[in-house]
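Here is a short note to go with the structure, written as numbered points. Please read it beside the model.

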Amino acid sequence: MSEAHTMNREVPAAITCNPRFMLGVKSDVQNAIFYIDDNITCYVSGHNIVFYNSNDKSQRFIPGIEGTETINCINMNPTRRLLAVCETATQAICSIYNITKIVESMKERKGSGQPVDSSIIKKRKILVMPDSEATQFISAEFCPQNDKVIATLSGSPDFRIQLWQWEK
């Protein structure tokens, strides 16, 4: 082939790969699965949070935060409106998501097999343990009487309980 033919070849467009369906629950995660309502469950699969609607067999995903190693704990508040996701990183990190819009979109059957709307991810509240060498939270629990308060337990070497008033 001549040099002229090689130079005129079109470069293929970039390929984007998005998950469509995830199977498997990460068994080493504390509180790895929750019922949100009679038809929608929330669970950890790999480095993702999966919302699964058993009526229409659809899923939505929240990916783990870039730069974190793994999801090691999730918990939901009593009203099933908020989700705490704890991840291992250079500092212990806990993200709190308002999942109301995710559940509503699944009930309306919009966006099956798609990542969750980026506006939901951008609005998450991120809690990082101050003055700690711990790289993970091993437990998180919302206050039953006040959704704006959450308790976390950091891992080694501190094993410290931290109470957060995460929304003012």
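1. The side chain of Ser-154 reaches the backbone nitrogen of Arg-160 at 2.9 Å. This is a predicted model, and the distance should be read as such.

2. Where does Ser-154 sit? Ser-154 is found in strand β11, which spans residues 146-154. The residue is buried, because its relative accessible area is 0% and the cut-off for buried is under 20%.

3. What surrounds Ser-154? Leaving out residues up to four places away in sequence, Ser-154 touches Met-129, Ala-134, Gln-136, Phe-137, Ile-138, Phe-159 and Arg-160.

4. Phe-137 and Trp-164 are both buried.

5. Next, the nonpolar cores. The largest one has 23 residues. Those with the most contacts inside it are Ile-36, Ile-49, Phe-51, Ile-74, Leu-83, Ile-99 and Ile-102. Elements giving two or more residues to this core are β2 (40-45), β3 (48-53), β5, β6 (82-88), α2 (100-107) and α3 (118-122).

6. A second core is separate and has 15 residues. Among them are Leu-82, Cys-94, Met-129 and Phe-142.

7. Back in the largest core, take Ile-36. Not counting residues up to four places away in sequence, Ile-36 touches Thr-41, Cys-42, Phe-51, Met-76, Arg-80, Ile-99 and Val-103. Phe-51 and Ile-99 are themselves listed among the residues with the most contacts inside that core.

8. Finally, a sheet. Four strands form an open sheet in the order β5-β6-β7-β9, with antiparallel pairing. Which strands are at the edges? They are β5 (70-76) and β9 (125-128), and each pairs on one side only. From one strand to the next, the twist averages 20 degrees.

9. Within this sheet, look at β7 and β9. Strand β7 (residues 93-98) is joined to β9 by four bridges, and the two run antiparallel. Ile-93 has Val-128 as its bridge partner in β9.

Definitions and conventions. Residues are numbered from 1 along each chain as its sequence is written. This is a predicted model: local features need pLDDT of at least 70, side-chain atom pairs count only at pLDDT 80 or more; totals for chains, interfaces and linings use all residues. Side-chain values use heavy atoms; hydrogens and water are left out. Two strands pair if DSSP finds at least two bridges between them. Axes are lines fitted to C-alpha atoms, for helices over the stretch in contact, and angles run from 0 to 180 degrees between N-to-C directions. A nonpolar core is a set of buried Ala, Val, Leu, Ile, Met, Phe, Trp, Tyr and Cys residues joined through side-chain atoms within 4.5 Å. Buried means under 20% relative accessible area, exposed over 50%, partly exposed in between (1.4 Å probe, protein chains only). Contact means heavy atoms within 4.5 Å. A polar contact is a pair of N or O atoms within 3.5 Å; within protein, one must be able to donate a hydrogen and the other to accept it, and residues adjacent in sequence count only if both atoms are side-chain atoms.
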